[in-house]
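The sequence and the structure are shown first, and the description follows.

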Amino acid sequence: MAAATLCGWPSARPAVAQAVPPAAAAKSDVPAQKGLATKAIEAAKSAASAAGDILTRVPCLPAKGIKDVPGSLPRVARRIAAGEPVTIVAFGSSTTVGYGTSSPAYTYPNRLADQLRRKFPTADISIINRGMGGQDAPEMMKRFDAAVLAADPDLVIWQLGTNTVVKGSVSDVAATAALVEDGIARLQARGIDVVLIDPQYVPAVASKTENASKMVKLIGEVAKLKNVALFPRFEVMRQWHEDEKMPFEKFVIGDGLHMNDWGYACFAQLLGDTIIKSVGQVKAGVDVPGNVMTYRPM
C-alpha cells in the first residue's frame with residue numbers, strides 16, 4: 001500500500017510545485033518519501049508486534065457454562081499420537097479464507113497449524129484452506145467432493161451459517177440442516193473427524209436476531225444428532241463482548257462482520273486446545289471411540 005501511495009503522489013501535487021527548480025525539488029522529495037516509507041515500515045512492525053503477542057491477551061478463554069466433555073477427534077488424536085501424517089481441511093466461507101486479517105499468516109487455519117506444530121514438533125500436520133467468500137451450505141455442497149473429499153482428510157473443520165443469517169431468510173436457515181447432515185454423513189462414512197463451527201457473534205450477525213438464534217440452535221442440533229464436535233463460536237464471542245465487556249472493535253474489523261487478527265488468533269487457539277486435549281487423552285490411555293458416529297460433540 002505504501003508503494004502505491006508513493007507512486008501516485010507526484011501527479012497529485014499542486015501546480016505551483018512545478019516552479020521549484022529541479023535540484024531543489026529532488027532534495028525536498030527525498031525526506032518526504034523516506035518519511036512515508038518509514039511510517040509504512042513502522043506500521044507494519046506495529047501490526048506484527050500486536051499479532052505476535054496476540055495469544056497472551058485476555059479474554060482468550062473457553063466459553064463459560066458450556067458442558068466440558070472428553071475430546072472428540074479420535075482419528076486425528078490417534079494419528080498424531082502414533083506419529084502418522086495428519087491432513088486437516090478447513091472448509092467454509094470468508095472467515096475461513098481469513099478476510100479481515102493483516103496477513104495470510106494470521107488466518108485461523110495458519111494460526112492453528114502453527115499451534116499444533118509447536119505442540120507436536122515431530123508431527124507431519126497439513127492444513128488445507130478450502131474457504132470461499134460469500135458461500136454457505138448450498139454453494140459449499142456443490143464443491144464438496146473436489147474441495148473436501150478429494151483431499152482425503154483426517155479432520156474437516158466446517159465453518160458455516162453466517163452468510164445465510166445475514167443475507168437469507170428463516171426458511172433458508174431451516175434448509176441448511178439437511179445439507180449439513182448429508183455432508184457429515186459422507187464424511188463419517190470414511191471415518192473422518194468433523195468439527196462444526198457456528199456463526200461469529202458480531203454486529204452484522206447479532207442484529208439478525210431471529211436468523212442468528214435459529215442457525216446457532218440448528219447447527220448445535222445437527223452436531224448432536226450426528227455425534228460430531230461443535231465449536232460454539234457464537235457463544236464464545238458473545239461472552240467476549242457481553243461478559244468480558246470487550247468492545248466489538250477489539251475483535252471485529254470495520255465492516256461489523258469479520259474478525260481481526262486478535263479474533264482469528266483466539267478462535268484458532270481455542271480450537272487447537274481441543275485437538276491437543278484429544279491427543280493427550282489418547283497418549284494417557286483414555287478410551288476414545290474409533291467410530292466418530294458413536295462420539296458426543298464437545
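In this predicted model, phenylalanine 91 and tryptophan 158 are both buried. They belong to a set of 10 aromatic pairs. The ring centres of phenylalanine 91 and tryptophan 158 lie 5.6 Å apart with the planes at 45°, so this pair is classed as tilted. Because phenylalanine 91 is part of strand E1 (residues 86-92) and tryptophan 158 part of strand E3, the pair ties together parts that are 67 residues apart in sequence. Elsewhere, ring pairs join Tyr201, Phe234, Trp240, Phe248, Phe251 and Trp262 into a cluster. An aromatic ring also faces a charged residue: arginine 233 lies over the face of phenylalanine 267, at 5.5 Å from the ring centre.

How many of the residues of E4 are buried? The count is 5 of the 5, so E4 is largely enclosed by the rest of the structure. Both of its faces are covered, with Asp193, Val195 and Ile197 buried on one side and Val194 and Leu196 buried on the other.

E4 is also among the elements that cover helix H9. This helix (residues 170-188) has 19 residues and reaches 28 Å from its first C-alpha to its last, close to the 27 Å expected at 1.5 Å a residue. The buried residues of H9 are Val173, Thr176, Ala177, Val180, Gly183, Ile184, Leu187 and Gln188. Their cover includes the strands E3 (155-159) and E4 (193-197), together with the helices H6 (137-142), H7 (144-147), H8 (162-167) and H11 (209-226).

The chain as a whole may now be described. It contains 13 helices and 5 strands, and 46% of its 298 residues count as buried. Among contacts with a separation of 6 or more, 79% are between residues 24 or more positions apart.

Definitions and conventions. Residues numbered from 1 in each chain as written. Predicted model: local features only at pLDDT ≥ 70, side-chain atom pairs only at ≥ 80, totals over all residues. Heavy atoms only, no water. Helix = DSSP H or I, 4+ residues; strand = E, 2+ residues; numbered from the N terminus. Buried < 20%, exposed > 50% of the residue type's maximum accessible area, 1.4 Å probe, protein only. Contact = heavy atoms within 4.5 Å. Expected span 1.5 Å × (residues − 1). Phe/Tyr/Trp six-rings, centres within 6.5 Å; stacked < 30°, edge-to-face > 60°. Lys NZ or Arg CZ within 6 Å of the ring centre and 35° of its normal.
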